[in-house]
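I opened my notebook to look up a few things in this structure. My plan was to go from the overall fold to single residues.

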Amino acid sequence: MKGMNMEGLKLTIRMNNIPKWKIAEVVGVSEMTIYRWLRTYDQEHFDKINQAVKQIIGGESDEQDNENK
């Protein structure tokens with residue numbers, strides 16, 4: 001995800017079927033705040049969302065590994 005812009009981040013969220021409420025839960029803000037942050041670019045907000053997405057994607061692959069055992 002290195003060098004990604006906001007549109008790339010939105011695409012990653014869509015491709016991984018990550019609900020906005022889940023991102024909001026990880027970041028610690030409301031779902032509406034995530035929608036607002038995704039509409040306007042701010043580096044700090046981008047970094048927070050990007051980190052949450054990475055955490056969620058990493059957690060989902062861990063859950064899938066545990067299910068396959």
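My entries follow, in the order I looked things up.

**Entry 1: the whole chain**

I noted at the start that this is a predicted model. I then looked up the secondary structure. The chain has 4 helices and 0 strands. Read from the N terminus, the order is α-α-α-α. I also looked up burial. Of the 69 residues in the chain, 28% are buried.

**Entry 2: the core**

Which residues touch the most other members of the largest nonpolar core? I wrote down L9, I13, I23, I34, I49 and V53. This core holds 15 residues.

I left aside its neighbours within four places in sequence. I23 is then in contact with I13, I18, I34, I49, A52, V53 and I56.

**Entry 3: helix 2 against helix 3**

Two packed helices are described by an angle and a distance, both taken between their axes. For helix 2 and helix 3, I noted an angle of about 100°. Their axes are 8 Å apart. Angles of 65 to 115 degrees count as roughly perpendicular, so helix 2 and helix 3 are roughly perpendicular to each other.

Where do helix 2 and helix 3 meet? On the helix 2 side I listed K20, W21, I23, A24 and V27. On the helix 3 side I listed E31, I34, Y35, W37 and L38. I sorted the residues of this contact by type: 8 are nonpolar, none are polar and 2 are charged.

Helix 3 spans residues 31-39. Its buried residues are T33, I34, W37 and L38. Looking down the axis of helix 3, I saw these buried residues fall within an arc of 135°, so they line one face of the helix. M32 and R39 are exposed on the other side of helix 3.

**Entry 4: an asparagine in a loop**

My last stop was N17. N17 has a positive phi of about 50°, although it is not a glycine. N17 sits in the loop between helix 1 (6-15) and helix 2 (20-27). Is N17 buried or exposed? Exposed means over 50% relative accessible area. N17 has 65% relative accessibility, so I put it down as exposed.

Definitions and conventions
Residues numbered from 1 in each chain as written. Predicted model: local features only at pLDDT ≥ 70, side-chain atom pairs only at ≥ 80, totals over all residues. Heavy atoms only, no water. Buried < 20%, exposed > 50% of the residue type's maximum accessible area, 1.4 Å probe, protein only. Helix = DSSP H or I, 4+ residues; strand = E, 2+ residues; numbered from the N terminus. Arc of directions from axis to C-beta. Core = buried A, V, L, I, M, F, W, Y, C linked by side-chain atoms within 4.5 Å. Contact = heavy atoms within 4.5 Å. Axes fitted to C-alpha atoms, helices over the stretch in contact; angles between N-to-C directions. Parallel < 35°, antiparallel > 145°, perpendicular 65-115°, else oblique. Nonpolar A, V, L, I, M, F, W, Y, C, P; charged D, E, K, R; others polar.
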